[in-house]
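Here are a few notes to read alongside the model. Have the structure open while you go through them.

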Amino acid sequence: MSAPEWTKDEQSLEDAKNYLRQGNTVDFFETIASSVLREHPADVAKFCLSIVVDIRNGRLPKAEGEFQPKKEEDNKYMRAHNVSEFLDRWILALLGARPSGDGERLEFHQKYLEKVLEEAK
């Protein structure tokens, strides 16, 4: 995956960092990542979409106990399902669109994931 053009200068990178610090963006992606690692879904995009839809409907993802990493098993899962690349593309798409406000961000996440699922068909 090549870096987008806007990542080529220092000010753009700082702007991107500042954007990610707004709202609950970091917490959101931490929730997504920990849920994926806890559940190891077969279809990562579909699983993430269900989390986004739940959040938009006021239901927070279940946090069954404290997450206990299973390092080797998780690493194999992450590689087999390209989870890091999936999250990287998602975050870069978010930074490209930069919706404002939590509601607009959640709408972006839902539309983005629906598009990913549609393209995978």
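**Notes on a buried histidine and its helices**

1. Apart from its neighbours within four places in sequence, histidine 109 touches Phe28, Phe29, Val52, Trp90 and Leu94 (contact means heavy atoms within 4.5 Å). Keep in mind that this is a predicted model, where local features need pLDDT of at least 70 and side-chain atom pairs count only at pLDDT 80 or more, while totals for chains, interfaces and linings use all residues. Residues are numbered from 1 along each chain as its sequence is written, and side-chain values use heavy atoms, with hydrogens and water left out.

2. Histidine 109 sits in helix H6, residues 101-120 (helices are DSSP runs of H or I, at least four residues, numbered from the N terminus). Is histidine 109 buried or exposed? With a relative accessible area of 3%, histidine 109 is buried (under 20% relative accessible area, 1.4 Å probe, protein chains only).

3. Now for the helix pair: H5 (residues 83-97) packs on H6 at about 130 degrees, with the axes 11 Å apart. Axes are lines fitted to C-alpha atoms over the stretch in contact, and angles run from 0 to 180 degrees between N-to-C directions.

4. On the H5 side, the contact includes Trp90 and Leu94, and on the H6 side His109 and Tyr112 are among the residues.

5. Leucine 49, in helix H3 (residues 44-56), is buried too, at 14% relative accessibility. Its C-alpha lies 7.2 Å from that of glutamate 114, 65 residues apart along the chain.

Conventions
Helices (H or I, at least four residues) and strands (E, at least two) are DSSP runs, numbered from the N terminus. Buried means under 20% relative accessible area, exposed over 50%, partly exposed in between (1.4 Å probe, protein chains only).
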